[in-house]
Amino acid sequence: MLHTNRFGSISLCSNVQKKSILDTNIIRSAFHRQTWNFRPQIRSIQDRGILLFYHTEKAVSQNLLLTNCSMSSIASLNSDAKFELHRNVADFKPSVWGDYFVQHASESMEFDQNIVAQIETRKNDVRNMLVSKIEKPLAKVHLIDSIIRLGLSYHFEDEIEEILQHVYNDYAENGELTNFEENLCSLAVLFRLLRQQGLYVSPNVFNKYKDEKGNFSERLLSDVEGMLSLYEATHMMVHGEDILEEALVFTTTHLESIANQLSCSYAIQVKQSLRQTLHKNVPRLEARSYISIYEHNPLHDENLLILAKLDFNMLQSLHQKEFGNLCKWWKELDVPNKLPYARDRIVECCFWGLGIFFEPQYSQARKMVSKLFVIATLTDDTYDAYGTIDELELFTMAIERWDNSCLDSLPDYMKFLYRTILDFYEEIEVDMRNEGRGYVLNYYKKEFKIYIQGYMSEARWLTSKHKPTLEEYICVSRDSAGYALLNIICYIGMGDSAIEDIFKWVSSWPKIVNAAAAICRIKDDIMTSEFEQKRGHVSSFVECYMEQYEISRQAAIQEGQRRIVDAWKDMNEECLRPTKVPMPFLTRILNICRVMEVIYKDKDNFTNTEGELKTFIKALLVDPVPI
Ligand SMILES: CC(C)=CCC/C(C)=C/COP(=O)(O)OP(=O)(O)O
């Protein structure tokens with residue numbers, strides 16, 4: 001059993017505890033003298049079978065160990081000593097995919113040329129529809145909406161921008177939509193599309209759907225399409241938009257009450273939106289489900305529908321091949337055997353990558369993000385579960401040094417993780433130097449170290465049974481969530497459009513990055529904390545809030561949910577023009593939160609993957625859309 005005594009800066013765990021106070025003092029004074037001379041003293045203690053570990057934040061932050069102590073002497077103490085170590089091992093289920101995707105690694109990336117040609121022809125037809133002169137520009141609003149929801153907008157970005165800008169100039173005066181005589185459905189779609197495009201329009205335009213008492217009119221109850229569109233539009237809300245809050249409550253209540261009485265195709269659409277509003281859905285999942293909804297709409301455009309199906313399937317083969325390559329890399333690394341305590345979640349990590357970037361030009365970014373997720377999951381399980389505090393201190397020091405020479409100082413299982421982290425870095429390094437973007441490496445390394453220090457602080461809290469205040473927790477969990485690191489890898493993968501100012505911006509934790517980090521952290525904590533507490537885990541947002549304000553778990557969860565709603569308003573606000581950085585960079589931040597919303601919807605589907613996440617992966621990566 002592990003015993004932890006705290007004597008100033010040193011803790012000892014020993015089977016010769018009677019001597020431990022004396023030994024502790026020897027070690028403490030050696031450390032405090034900060035000389036190399038204490039090495040023999042440590043050796044002599046080791047001979048008497050004492051496991052030493054050193055874990056005060058102060059000492060580590062001063063880099064005392066790094067600069068003055070031989071890591072290898074401590075490491076050998078660790079590995080030589082015969083102790084029964086307590087590990088918070090979580091009993092994670094094996095992968096539900098096995099080697100399924102490896103078969104795709106050997107497939108050719110040559111697409112069927114007939115299909116490619118067909119896609120090109122159909123794309124031209126859609127482009128002609130978009131740019132054609134028509135009397136009612138609003139007809140194009142619904143066309144644009146369908147193109148976006150079918151997952152095709154990446155082919156028509158310039159045309160969509162031009163049309164929406166045109167409509168905005170014609171219909172919006174100082175942000176107020178005027179001269180607009182269409183029905184609620186069209187109005188709400190237009191409102192949403194303009195906001196999605198970053199163009200601010202006031203929600204006051206919905207006032208005309210209220211009755212004399214100031215409530216949304218009961219007349220709307222028979223207009224299911226209108227209510228559904230209004231419901232979708234409300235998710236674009238920013239702070240202070242009470243009318244959209246009211247519209248959200250009104251539409252949610254009524255759509256929920258009628259969902260079971262609607263015709264089949266409407267019922268599917270309404271239930272799908274209520275479960276996952278399109279603004280917070282992963283774009284590929286939205287495309288997959290909207291293709292079926294659109295197909296059942298009698299007014300659908302056949303050319304657009306077929307284009308959507310062909311394009312979806314073509315991208316699917318690209319994504320399958322990429323998943324295959326990553327699964328092959330994982331298999332060759334032999335991770336499940338090397339780190340059997342960790343989650344075997346390569347496929348789910350690839351899903352993260354795909355959720356953040358689906359477009360073909362972002363192949364490199366997808367690969368980098370997926371690999372970082374894999375590494376982060378292994379690291380998370382090492383710090384959260386398997387590693388002992390002394391091993392983790394060593395690992396943290398090794399990360400601070402970032403040097404292959406640290407390998408010898410680590411326990412065997414950690415050597416593998418450390419090497420994987422450094423190998424991945426070297427892979428990025430080669431690419432970045434070839435692209436003349438070597439400067440990004442420092443941003444990556446710096447954020448990786450901050451991320452690891454965050455984990456280390458949490459591990460120390462757990463060991464010392466420290467219950468952090470909410471403020472302490474928010475500060476440290478921001479680092480341990482690795483959110484800035486994740487953004488940095490996204491931007492590294494996006495090529496030279498990501499100039500240095502983008503990295504400076506993201507590293508300064510602007511409002512949108514803070515908001516996204518809050519969404520991801522709190523969402524995760526709400527869904528995972530109960531399970532994690534059972535296996536022994538540092539307090540999460542939920543426990544910190546319960547403790548600090550002496551309230552129930554349920555009330556703390558409600559507060560967390562309120563903060564998530566607020567953070568989404570910040571995100572929406574920051575996506576309105578003028579934006580601090582170009583929209584493609586903000587889209588990655590939005591997409592990270594969307595994946596989070598989907599994976600952690602009602603439970604932790606990332607850890608327990610046999611449920612909804614398996615269905616999603618099947619829909620995006622296994623089953624093609626029937627043509
Ligand atoms: C830098 C990156 C990409 C970080 C992501 C880490 C990760 C996979 C967290 C999910 O696991 P979890 O739900 O167990 O997380 P936690 O332990 O933080 O609750």
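**A working chat on a predicted model**

Q: In the protein chain, what share of contacts between residues at least 6 apart in sequence join residues at least 24 apart?
A: The share is 73% of those contacts. Please keep in mind that the model is predicted.

Q: How many helices and strands are there in the chain?
A: The protein chain has 28 helices and four strands.

Q: And how much of the chain counts as buried?
A: Of its 627 residues, 42% count as buried.

Q: On to the largest nonpolar core. Which residues touch the most other members?
A: Those are Val369, Ile488, Ile489, Ala516 and Ile519, in a core of 108 residues. H24 contributes the largest share of this core, with 11 residues.

Q: What does Ala516 touch, leaving out residues up to four places away in sequence?
A: Ala516 touches Tyr483, Met571, Ile589, Ile592 and Cys593.

Q: What lies apart from that core?
A: Another core lies apart from the largest one; this other core has 45 residues, including Leu193, Val205, Leu244 and Ala247.

Q: Now the ligand. How many residues surround it, and which are the closest?
A: The ligand is surrounded by 13 residues, and the closest are Ala376, Thr377, Asp380, Gly482 and Leu486.

Q: What is the make-up of the shell by class?
A: The shell around the ligand has six nonpolar, three polar and four charged residues.

Q: Changing topic to helix packing: at what angle do H7 and H9 cross?
A: The axes of H7 (residues 137–149) and H9 (residues 184–196) cross at roughly 65° and come within 10 Å.

Q: Is that crossing left-handed or right-handed?
A: The crossing of H7 and H9 is left-handed.

Q: Which residues meet there?
A: From H7, Leu138, Val141, His142, Ile144 and Asp145 meet Ser186, Val189, Leu190 and Leu193 of H9. By class, the residues of this contact are six nonpolar, two polar and one charged.

Q: What about H25 and H26, at what angle do they pack?
A: H25 (residues 541–549) and H26 (residues 553–574) pack at about 115°, with their axes 9 Å apart. Their crossing is right-handed.

Q: Which residues make that contact?
A: H25 provides Phe541, Val542, Tyr545 and Met546, while H26 provides Arg553, Ala556, Ile557, Glu559 and Gly560. The contact of H25 with H26 has six nonpolar, one polar and two charged residues.

Q: Next, Phe312. Is Phe312 buried or exposed, and why?
A: Phe312, which is found in helix H14 (residues 302–333), is buried because 21 other C-beta atoms lie within 10 Å, and the cut-off for a buried residue is 20 or more.

Q: How far apart are Phe312 and Val625?
A: They are 313 residues apart in sequence and 7.3 Å apart in space, C-alpha to C-alpha. Not counting residues up to four places away in sequence, Phe312 touches Gly151, Ala287, Arg288, Ile291 and Val625.

Q: Last one: where is Leu422?
A: Leu422 is in helix H19 (residues 412–434). Leu422 is partly exposed, with 18 other C-beta atoms within 10 Å.

Q: And how far is Leu422 from Arg460?
A: The two are 38 residues apart in sequence and 24 Å apart in space, C-alpha to C-alpha.

Definitions and conventions: Residues numbered from 1 in each chain as written. Predicted model: local features only at pLDDT ≥ 70, side-chain atom pairs only at ≥ 80, totals over all residues. Axes fitted to C-alpha atoms, helices over the stretch in contact; angles between N-to-C directions. Helix = DSSP H or I, 4+ residues; strand = E, 2+ residues; numbered from the N terminus. Left-handed = near helix turned anticlockwise from the far one by under 90°. Contact = placed C-beta atoms within 7 Å. Nonpolar A, V, L, I, M, F, W, Y, C, P; charged D, E, K, R; others polar. Near = placed C-beta within 6 Å. Buried ≥ 20, exposed ≤ 12 C-beta atoms within 10 Å, placed from the backbone. Core = buried A, V, L, I, M, F, W, Y, C linked by C-beta atoms within 7 Å.
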